[in-house]
Amino acid sequence: MAPVTEHQGSFLSRISRRNQIVSMDVNHDQELKELEAFQKHVAQRFTELLSPSQESDPILSIQWIRKLLDAFMSCESEFQSVLTTNPAQISKPLVPEMLDRIVKALDICTAVVNGVDSVRQSQRLAEIAVTALKQHPLSDGSVRRAKRALTSLLAAADKSGGGGSGRRAATTKEQSSSLGHRSGGCVSKNRSASKQIQAMTANLVLPRGGEASPMFIMSSVMVTVMWTLVAAVPCQASNGLTVHLPLPRHQVWASAAASIQERIGEELKRKEKCCGGGGGGGLMEEMQRMERVGLKLMEFTDGFRFDGEEEVKAEVEEMEEICRKMKDGLEGLQRQVREVFHRLVKSRSEILEAIDHCNI
């Protein structure tokens, strides 16, 4: 074989470099296609949560929250698919913060599971009141049973929702004291959940150039979902949730999520204004309805007179329907939160494996 001349060697080097450049271009195009597909998937799942078909399950209702968790799991699966097919999509500067956010999200999931337990306790108290008030004819004993249950129910709502206002706060405080009631809750966990949300948003900043990587998008989705859970379920302190979530709503993947954040944020501000709280949670739709109906029933028990049960027949029926929805949905919600917990544990391991695989 003839020796390679200097000219030939230079030519072969140029060919090699050109092939490398072409390969880099192909890889870059593939990354852009994967990123675009992931963005569209996130946008679609969150847009579905705002569609008119969701009117039967309003935002922050139990069924809507379950759909939100379904959307999160779907986005997380797509995210892992992107990392599996192309580990180069891992953004090295974002890795430590992403892993730290996952740990904080695990703490929040634990607090939410405990918070759902407190909601179920409220459901049981409401059921006691309903059973007592459905007695015909009503007796003093039945009304007293209903009043005890409603007092505990409203006291728990005050505690979990950041404090009440006006008659409710005064009434429940006085009657809880007289009954020796100590409402349940998870104060330490509440405080932790609120602080975790603030910490998760601290360094969530769109990368330079405004290009959102899969890791930044997934971090934003995770923070949005955790913030929503903490706003809905009574497992956080009464302040700290009005923190701004830095979602770049001008980008297609973030637009619907930002709209959801705005609507929940408005509800937090409304509750803060009318109840004197500090941006606390407990905004689950069924809980808010239960509280409103509970107040009306409490007023009835305060001024009870015989043959007056027809006055609150509609409220008793509404409370019964709320309890039925809670009974049907809370167990499934709690199970889904646990599934999210285990999926996040797995996700953290998969990210670490991908880092090792590509020696980042």
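**View A. Packing of helices α2 and α7 in the predicted model.** Helix α2 (residues 62-85) packs against helix α7 (residues 214-232) at an angle of about 160°, and their axes lie 11 Å apart. Axes are lines fitted to C-alpha atoms over the stretch in contact, with angles from 0 to 180 degrees between N-to-C directions; helices are DSSP runs of H or I with at least four residues, numbered from the N terminus. α2 is therefore roughly antiparallel to α7 (angles over 145 degrees). This is a predicted model, in which local features need pLDDT of at least 70 and side-chain atom pairs count only at pLDDT 80 or more, while totals for chains, interfaces and linings use all residues. Residues are numbered from 1 along each chain, and side-chain values use heavy atoms, without hydrogens and water.

View B. Contact denotes heavy atoms within 4.5 Å.

**View C. Met226 and the largest nonpolar core.** Such a core is a set of buried Ala, Val, Leu, Ile, Met, Phe, Trp, Tyr and Cys residues joined through side-chain atoms within 4.5 Å, where buried means under 20% relative accessible area with a 1.4 Å probe, protein chains only. Among its 101 residues, Phe46, Met226 and Leu344 touch the most other members. Helix α3 (residues 95-133) supplies the largest share, 19 residues. Beyond four places in sequence, Met226 touches Ala105, Ile108, Cys109, Ile197, Met200, Val340 and Leu344.

**View D. Ser122 in helix α3.** Ser122 belongs to helix α3 and counts as buried because its relative accessibility is 10%. Apart from neighbours within four places in sequence, Ser122 contacts Leu153, Ala156 and Met290.

Definitions and conventions
Buried means under 20% relative accessible area, exposed over 50%, partly exposed in between (1.4 Å probe, protein chains only). Helices (H or I, at least four residues) and strands (E, at least two) are DSSP runs, numbered from the N terminus. Angles under 35 degrees count as roughly parallel, over 145 as roughly antiparallel, 65 to 115 as roughly perpendicular and the rest as oblique.
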